[in-house]
Amino acid sequence: MIINLDHFRYINDSLGHEMGDKVLNAVKERIDQTVRKNDVMSRIGGDEFALVLEPLDSPADAGKAAEKIIDAMKHAFLLDGHEIFSSCSIGIATFPACGDDRAVLLKNADIAVSRAKELGRSSYQYYSAEINTTIINRINLEHDLHQALPKQQLTIQYQPIISVDSDDQYVEEGLEAQLCWHHPDRGVLGVEQFMGVAEDVGLFSDMTQWMYNASFEQMQSGAIKSDALLFAYMSPQFLAHEQFIRWFTGVLAQYGVSGHQVVMEICETVFMRRQNTMLDVLTDLHSMGVKLTITDFGVGYGSLEMLRKAPIHVKLLPDHYVMEMRDASREMLICKHLVAMAHDLGIKVWASSVQERAQFDVLRSLGVDYFQGPLF
């Protein structure tokens, strides 16, 4: 088995490497308590462990062991007054089906753990030839991503964000900046096609910094409306960086853009992992006039905690609800209550992916404030 901690770099970025080392020791102790005494574990990388299980009656027993480890990791680590959560992904390679020596087994288990991360993390995968092909494609994508900025392959696509005035006329409230990658072989890729990989390899921070710089420069030059609200996603990794506020203050001043013109899209999950650090950053942004919106808002504990503690201004409805929206549908009833809750808290509601007039009519009847999508 290869056991890889999910998003471990966020712990190092927000709490420091000393705390990161304590987390790694706590992880090792917890896994030791989960596996058998004759199983052998070793740390083989920064946040990666290898575990040898022998003997096993069948390959399925390795999956049962992986499930126990994943379940054990769901409980918080209490370290120096911090409550820290750290899930893991596991890749499994069995002898002799997946290799007949140590090097091949390690390589194939590593391929399997990459697949587990790609499929959503906090899970395990067995190695297979099909996975091997998928991972090779991903490795090629990672390699090409490193060339995207140096070779000037990134551009920005702007989508209008509209509201409706009292005369039933569309009013353009702002623009959402979306990264596009002009891949030399695969053509134009939307941000959703490469964002996850870029975040995993630590490139998305530089990409979002480039996007903000380029958007502000285009506002300054008049290439896009200088008085528009700019909706733009921010890399969770960079948002947690200790120099983030200094950088953002500097880039606003450099291009003469007011914080009141920025609607920064942030990820709910990053807030829940690092509440104490994030609250300070979000409060600083709020004091600059920056409006904050949650991009992956759900209805669970994390979402409610964020609404309770963080200075949120705009709430993005889940795209899958919007796309399935029909009159009197279950999605409509859920959105109705989400909109009402947001308005009671003084938060505006934004619906993207609006494709049809019927969707728009229902969303408008619910009181949604901002609209975006192919319809417009």
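Modeller: A salt bridge here is a side-chain nitrogen of Lys or Arg within 4 Å of a carboxyl oxygen of Asp or Glu. This is a predicted model, so local features need pLDDT of at least 70 and side-chain atom pairs count only at pLDDT 80 or more, while totals for chains, interfaces and linings use all residues. Residues are numbered from 1 along each chain as its sequence is written, and side-chain values use heavy atoms, with hydrogens and water left out.

Colleague: What makes Arg 121 and Asp 200 a salt bridge?

Modeller: Their side chains meet at 2.2 Å, N to O, and the cut-off is 4 Å, so the pair counts. It links distant parts of the chain: Arg 121 is in the loop between H4 and strand E7 (124–126), and Asp 200 is in helix H6 (residues 195–200), 79 residues apart. Helices (H or I, at least four residues) and strands (E, at least two) are DSSP runs, numbered from the N terminus. Arg 121 and Asp 200 also belong to a network of salt bridges with Arg 138 and Glu 142.

Colleague: Why is Asp 200 called partly exposed?

Modeller: Buried means under 20% relative accessible area, exposed over 50%, and partly exposed in between (1.4 Å probe, protein chains only). Asp 200 has 23%, so it is partly exposed.

Colleague: How many salt bridges does a search of the whole structure find?

Modeller: It finds 13. One of them joins Arg 115 and Glu 118 at 2.7 Å, N to O. Both lie in helix H4 (residues 102–118), 3 residues apart, about one turn of the helix. Arg 115, at 18%, counts as buried, whereas Glu 118, at 33%, is partly exposed.

Colleague: What makes Asp 71 and Lys 74 a salt bridge?

Modeller: Their closest N and O atoms are 3.5 Å apart, which is within the cut-off, so the pair qualifies. Asp 71 is partly exposed, at 42% relative accessibility.

Colleague: Why is Ser 352 called buried?

Modeller: Its relative accessibility is 9%, so it counts as buried. Ser 352 is in the loop between strand E15 (348–351) and helix H15 (357–366). Its side chain makes a polar contact with the side chain of Asp 319, at 2.7 Å. A polar contact is a pair of N or O atoms within 3.5 Å; within protein, one must be able to donate a hydrogen and the other to accept it, and residues adjacent in sequence count only if both atoms are side-chain atoms.

Colleague: How do you know that the buried residues of H15 are on the same side?

Modeller: The buried residues are Gln 359, Phe 360, Val 362, Leu 363 and Leu 366. They cover an arc of only 165° around the axis, which puts them on the same side of H15. The arc is that of the directions from the helix axis to the C-beta atoms. Just after H15, Gly 367 takes a positive phi of about 95°.

Colleague: How do you know that the span of helix H7 agrees with its 18 residues?

Modeller: The expected span is 1.5 Å times one less than the number of residues. For residues 204–221 that should be 26 Å, and the end C-alpha atoms are 25 Å apart, which agrees.

Colleague: And where in the protein is confidence lowest?

Modeller: In helix H10 (residues 268–273), with a mean of 63. That number is pLDDT, the predictor's confidence in each residue, from 0 to 100. The mean for the protein is 88.
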